[in-house]
Amino acid sequence: HYAILCPSPPPTVRPDPTLAVATPGPTPVVYLPTTTTTPTTPPTTTTLPTPPDTTAVSQATTVPPTLPVTTFPPVTTTTPVPVIETTEAPVETTPPVTLPVSTQSGNITTVSPVERETDSQCRSRPLDLVFIIDSSRSVRPGEFEKVKIFLADMVDTLDVGADATHVAVVNYASTVKIEFLLKDHLNKPNMKQAITRIEPLAAGTMTGLAIKTAMNEAFTEQSGARPRSRKISKVAIIVTDGRPQDQVEEVSAAARASGIEIYAVGVDRADMGSLQQMASVPLEDHVFYVETYGVIEKLTSKFRETLCGVDPCAMGHDCDHICVNSNASYYCKCRSGYVLNTDKKTCSM
């Protein structure tokens, strides 16, 4: 029985090799599709770049959040501008109010905010106004620029025009030069531009000669002064920082006698006695002194007060419709479609 069992395994082994041969045959075929499946994997790799595209889209979506950055600059730019301007404005406005101006009598005149508001509401009366400015060597270039600023500020306070105020400038040192006549500039922009072009003459201080030139050449009808019949005030404002090298008393008296009202402004080293000889009376209203050219422009408000005429219409009137200021008086007009009655005050259809 044992002998039968031993040979039994060999026959069983023989058919197995045949099956093993058949088995290896299909096995490679099975692996080939697997290898074919592996190249299919690259398309999967090709799909991978798609997520970066999606990321790019998300990045494009992230760009809008940068818009607030564009918004910041306007906010930042807008904020400082008002802050700086608001801070500077009061600084510039305060000095004219606090800095004093000394007059010949020694009294201190301070400009209050109330006076400023009142001044800004009134019109200057029509004038033939001539500035006589000292540009001798004692007036340094920077100081002369301050004088020009003062002139420009004065022009701003006046009603300049053909039927309003005319302005001329006489520049002097050892010689005298009329920078422009009363008839030359009848509007503020042109007049202020002409002021910027004025240059100092240097050398001596011939104040008397300057006053004589103003009286004989600047205050004439040929130069733009109005005839006496118009009753337009003639005013001269002299600005000097030294002692005249010629006589001023006699020529100043002649100018005043001709109807010219003279204001004398002394700066720094100006001789007070000479200022008094030149100016009209009362002296306390016509002689001014400032310690430096740096504060001369503060006189603008004082002259505005002095030269500002009272508007008769603002003082009260009987006009039915329109009150028209006519120098020292007024007259009435009617609105369109109405006529002025014989009483020259009321209006009717």
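Me: Are helices α9 and α10 roughly parallel or roughly antiparallel to each other?

Reply: This is a predicted model, in which local features need pLDDT of at least 70 and side-chain atom pairs count only at pLDDT 80 or more, while totals for chains, interfaces and linings use all residues. Residues are numbered from 1 along each chain as its sequence is written, and side-chain values use heavy atoms, with hydrogens and water left out. The axes of α9 (residues 141–157) and α10 (residues 188–196) come within 9 Å and cross at roughly 170 degrees (helices are DSSP runs of H or I with at least four residues, strands runs of E with at least two, both numbered from the N terminus; axes are lines fitted to C-alpha atoms, for helices over the stretch in contact, and angles run from 0 to 180 degrees between N-to-C directions). Angles over 145 degrees count as roughly antiparallel, and α9 and α10 are therefore roughly antiparallel.

Me: Which residues of α10 make the contact with α9?

Reply: On the α9 side, the contact (heavy atoms within 4.5 Å) is made by Lys 148, Leu 151, Ala 152, Val 155 and Asp 156. Facing them from α10 are Lys 188, Met 191, Lys 192, Ile 195 and Thr 196.

Me: Which helix gives the most to the lining of the largest cavity?

Reply: About 40 Å³ of space lies in this cavity (a set of points on a 1 Å grid over the protein atoms alone where a 1.4 Å probe fits but cannot get out, with lining residues having an atom within 4 Å of a point; the volume is the space filled by probe spheres set on the points, which are joined across faces, edges and corners). Its lining includes Ile 211, Ala 214, Phe 219 and Ile 260. At least two lining residues come from each of α11 (207–218) and β7 (260–267), and the most, three residues, come from α11.

Me: Where does Cys 332, which a disulfide joins to Cys 319, lie?

Reply: The search of the whole structure finds two disulfides (pairs of cysteine sulfur atoms within 2.5 Å), and one of them joins Cys 319 to Cys 332, with S to S at 1.9 Å. The link is left-handed, with -80 degrees about the S-S bond. Cys 319 sits in the loop between α15 (299–307) and β9 (322–326), 13 residues apart from Cys 332, whose place is in strand β10 (residues 329–333).

Me: What is omega for the cis peptide bond that joins Val 281 and Pro 282?

Reply: Pro 282 is in the loop between α13 (272–278) and α14 (283–286). For the cis peptide bond between Val 281 and Pro 282, omega is about -5 degrees.

Technical notes:
Parallel < 35°, antiparallel > 145°, perpendicular 65-115°, else oblique. 1 Å grid on protein atoms, 1.4 Å probe; cavity = no way out; pocket = protein on both sides within 12 Å on 5 of 7 lines; lining within 4 Å.
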